[in-house]
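Hi,

Here is the structure I promised to pass on.

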Amino acid sequence: MDNTKNKYAMDKKNKGSLTITKWIVFTTLGWLIGLISAILIADLLDKINLDFFGLGLGITTGIGLMQWIVLRRHTTINYKWMWLTIAGMGSSFLLFNIILVILKALDFKVEMDGAPAMITIIMAVALGSFLTGQFQSKLLKKNNFTNTDGWVLYSFLAWTTCSIFISVYFVCMNNVFHLAFTTVGKLMNLVAFLLIGPILGYISGKKILTILHTP
């Protein structure tokens, strides 16, 4: 009986040991995996004019997967976290992709380059992050986490901040400083891309820890 109680106490302690550092690291790994996946998936879906959807699908698959892996080590949250992340962001990117396809079919001149592309990405991410936050919030409640108020907002802020950051950065690099294709510019691009994971992890991590660590 005592051994059972000790085991339960130890499991409970281990499940409550998620830290902001772990969340940031796993989210960053998910971002890097997502980038590679996005390139591969977007290239495949480009044949049916769904490359924009492939971009969002790849990135969110990587992030959703790695966040679920770290969550399952410390909580009772299951694989649905990954699928809900994909569903929320993926549906938004698919919607915008379909709109782009329709506009092109109607002979509208749609330039998916520079500022128009960045604005489209920001809008898709904003909608997707809101949907993702809603889906994940319901999952958290089903797992008996009651302090979920504000998770939708944090999800929105985390994803949208990253999309605005990278969009503004590339517009400035291309149109203002004209450094995008220089050696210095390429190094700066790499750093900018690597920063997305930690930014996303830090903003969302501040709230997820509050939710998970609240009795």
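This is a predicted model: local features need pLDDT of at least 70, side-chain atom pairs count only at pLDDT 80 or more; totals for chains, interfaces and linings use all residues.

The largest pocket has a volume of about 980 Å³. A pocket here is an open set of points on a 1 Å grid over the protein atoms alone, with protein on both sides within 12 Å along at least five of seven lines, and lining residues have an atom within 4 Å of a point. Grid points are joined across faces, edges and corners, and the volume is the space filled by probe spheres set on them.

Residues are numbered from 1 along each chain as its sequence is written, and side-chain values use heavy atoms, with hydrogens and water left out.

Back to that pocket. Its lining has 38 residues, and Phe 52, Leu 55, Ile 59, Met 118 and Ile 121 lie nearest the centre. Two or more lining residues come from each of α2 (20-45), α3 (51-74), α4 (80-105), α5 (115-142), α6 (151-176) and α7 (183-212). The largest share, nine residues, is from α6. By type, the lining splits into 25 nonpolar, nine polar and four charged residues (nonpolar is Ala, Val, Leu, Ile, Met, Phe, Trp, Tyr, Cys and Pro; charged is Asp, Glu, Lys and Arg; the others, Gly among them, are polar).

There is also one cavity of 30 Å³ or more in the whole structure, a cavity being a set of points where a 1.4 Å probe fits but cannot get out. At least two of the lining residues come from each of α5, α6 and α7, and α6 gives the largest share, with four. This lining is five nonpolar, five polar and no charged residues.

On the overall fold, the protein chain has seven helices and zero strands (DSSP runs numbered from the N terminus: helices are H or I with at least four residues, strands E with at least two). Of its 215 residues, 42% are buried, meaning under 20% relative accessible area, with exposed over 50% and partly exposed in between (1.4 Å probe, protein chains only). Among contacts (heavy atoms within 4.5 Å) between residues at least 6 apart in sequence, 74% join residues at least 24 apart.

α7 has 30 residues and spans 44 Å from first C-alpha to last, close to the 44 Å expected, where the expected span is 1.5 Å times one less than the number of residues. α7 also bends by about 35° at Gly 205, taken as the angle between axes fitted to the seven residues ending there and the seven starting there. α5 has 28 residues and reaches 41 Å, close to the expected 40 Å. Asn 144, which follows α5, has a positive phi near 70°.

Ala 115, in α5, counts as partly exposed because its relative accessibility is 34%. Ala 115 is 56 residues from Val 171 in sequence, yet their C-alphas are 6.4 Å apart. Ser 163 sits in α6 and counts as buried because its relative accessibility is 5%. Leaving aside neighbours within four places in sequence, Ser 163 is in contact with Ile 122 and Val 125.
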